[in-house]
Amino acid sequence: MTPDPVLCQTATAAPAGMIATVFGRLSTGIKMLLILSAALLPLGMIAVFASIESAKTNRLTREAEVRLIAADGARRIGDAVSAAASGLRMGFAAGLPSATVDACRRTLGMIAAGKPYAISLGLFDPRGRLICATPGLLRFPAMTPAAGIGTEVRAVNGPELLRFSTVLPDGLLAVGELPRATLAELLAAPRGPAAFGARLREGDAIVELSDVRRTGEPLGQTVTVAVPVANGQLSLELSSPAMPIRAIEALMILLPILMWLAAALIGWLVMDRLVLKPLGQLQRAITAYGAGGGGPLALPVLTTPSTEIRALGQAFAAVTRTLTEHEAELESGLARQTRLTREVHHRVKNNLQVVSSLINLHSRGVRDPDVGAAYASIQRRVDALAVVHRNHYAELEENRGVGLRPLLGELASNLRATAAPDAAQLSITLELAPLFASQDVAVPVAFLVTELVELAMNCDPRGGVAIRLHPTDRPDRAVLTVIAPGLAEEACRTHPARDRSARVVEGLSRQLRAPLERDEVAGRYAIEISVVPPLAPQPA
């Protein structure tokens, strides 16, 4: 029979409702004690876990030390095998000596005597029969190393030793044996091998080198690590006593729990007597002040010994007395500042128009074409600044900055209108996104476009200019691009105004705090500028 989900939900909600009812009937002090206990419990648990992790860290540290010693011992054994095999290959590089047995024995003796440890060596023919050997070599048949293994290493169970074999010229086999004492000597570490249990393992074959020393601690444990030897043909297992959990460490694990209980009790007393009750009185007074819609703040009589809470109440009273006055002053100051800003922008715009008109009047009476061109260049820059101020003044109400689309559109119209007669047919193409920028960005942008368009007019009067403004993947960045094929022609590279324009454009790019990308072949200039991010859509 399937249980009714409504009954299950009711049964689940009933205990929760009972717990909430019981908790609501408790006194505030008991509630704070329970809350603080629950709040401080994670800290106590963290401290306990930290103590346990500290003990684990000690074990891991010991394991890392044992692993380092094992890796060093494995390296020493591997180096000993490699050195002995290399000595055998060098000693018999020319093949078997003419005086076969005696010369072979002398050669093996010289190789063994050159090692700082005891080693037995032997030479076998291709059929595995012994030719000569040093004293102590076991009379085991020599086994040819497997394909792809230069030196094959094996562990021998009977007389515990390490046996290796390598192939020499003429198909000869060289065999070496490292006894247990030599292996223990090679394994010796600065801390002494007696504290470690060591063994070499190859499948079921094991060579015991030393036994682990027991600490006698009731909680003592052993750390065992295994590292490869001779390119993984064998493994070296090293064991050592781990650091046991001592009584002081057990005390450190229990101490955070006692501290948690004491902190919860002390925190409850402090919060209830010194903070919660006075703050409750102050909160009720502030609520009554806010509901009254004004008037002085009626502070309760605070009996708390905490001078900070009394000072807080007095500060609230002082703030409420001056809040209304400050709000009125701020509203009046904001209105005055808005009027002043409008007046400043209006006067600057008018003054720039007057300067532009004066320059235009003076340029009409000039007969020298070069002087007229200079007047026209100055007038274009004054007009560019005037366009920025005019657009900025128009956007004051929305406070979104200067609209770059109308700014660049009006600027292009002014540039075409003030162009020289030979550049009257210059075409300016606009591809502008509806973006906004601050006045600090709009001014250098206007000057940059004016400088590049004027240089294009001088280099190729009958050409064309494309001005593009596109957003990037970041909402506060956009790319401004000016493309004029005339800027890439040879005539423009040698034009006298090019160096001056290059210096001005470089200075404007530094003012925009962005690198200017130039493509001299295509006549393309691009720079990344800061824009005002679009407004987030308002919820319906």
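Select Asn-231, which sits in the loop between strand 8 (222-229) and strand 9; helices (H or I, at least four residues) and strands (E, at least two) are DSSP runs, numbered from the N terminus. This is a predicted model, in which local features need pLDDT of at least 70 and side-chain atom pairs count only at pLDDT 80 or more, while totals for chains, interfaces and linings use all residues. Residues are numbered from 1 along each chain as its sequence is written, and side-chain values use heavy atoms, with hydrogens and water left out.

Asn-231 is exposed, with a relative accessible area of 82%. Here, buried means under 20% relative accessible area, exposed over 50%, and partly exposed in between (1.4 Å probe, protein chains only). Ala-230 belongs to the loop between strand 8 and strand 9, and its phi is near 55°, a positive value in a residue other than glycine.

**The whole chain**

Now display the entire chain, which has 11 helices and 16 strands. Of its 540 residues, 38% are buried. The chain exposes about 31,100 Å², and carbon and sulfur atoms supply 61% of that area; accessible areas come from the Shrake-Rupley method with a 1.4 Å probe, and for residues only the protein chains shown count as cover. Where contacts (heavy atoms within 4.5 Å) join residues at least 6 apart in sequence, 63% of them link residues at least 24 apart.

Two strands pair if DSSP finds at least two bridges between them. Leu-200 stands opposite Leu-236 in strand 9. Strand 6 also runs antiparallel to strand 7 (residues 205-210), joined to it by 5 bridges. Strand 6 and strand 7 form a hairpin with 2 residues between them, and Gly-203 in the turn has a positive phi of about 65°. Select Glu-202 as well; its bridge partner in strand 7 is Ala-205.

**The sheet of five strands**

Next, select residues 120-124, which are strand 1. What is the order of the strands in the open sheet of 5 strands? The order is 2-1-5-4-3, with antiparallel pairing. Strand 2 (130-133) and strand 3 (151-156) stand at the edges with a single partner strand each, so one side of each is left without a neighbour in the sheet. On average, neighbouring strands of this sheet are turned by 20° against each other, direction ignored. For such angles, axes are lines fitted to C-alpha atoms, for helices over the stretch in contact, and the angles run from 0 to 180 degrees between N-to-C directions.

Strand 1 and strand 2 pair in the antiparallel sense over 3 bridges. Gly-122 stands opposite Ala-133, and Phe-124 stands opposite Leu-130. These two strands form a hairpin with 5 residues between them, where Gly-128 in the turn has a positive phi of about 85°.

**The disulfide**

Select Cys-104 and Cys-132, which form a disulfide with their sulfur atoms 1.6 Å apart. A disulfide is a pair of cysteine sulfur atoms within 2.5 Å, and a search of the whole structure finds 1. Cys-104 lies in helix 3 and Cys-132 in strand 2, 28 residues apart. Are these cysteines buried or exposed? Both Cys-104 and Cys-132 are buried.

**The cores**

Proceed to Val-453, Ile-467, Leu-480 and Ile-529, the residues with the most contacts inside the largest nonpolar core, which has 49 residues. A nonpolar core is a set of buried Ala, Val, Leu, Ile, Met, Phe, Trp, Tyr and Cys residues joined through side-chain atoms within 4.5 Å. Helix 9 gives the most to this core, with 13 residues. Leaving aside neighbours within four places in sequence, Ile-529 is in contact with residues including Leu-404, Val-441 and Leu-512. Apart from this core lies another, of 46 residues, among them Val-66, Ile-111, Ala-155 and Leu-209.

**Last stop**

Finish at Arg-513, in the loop between helix 11 and strand 15 (516-519). Its phi is near 60°, a positive value in a residue other than glycine. Arg-513 is exposed, with a relative accessible area of 78%.
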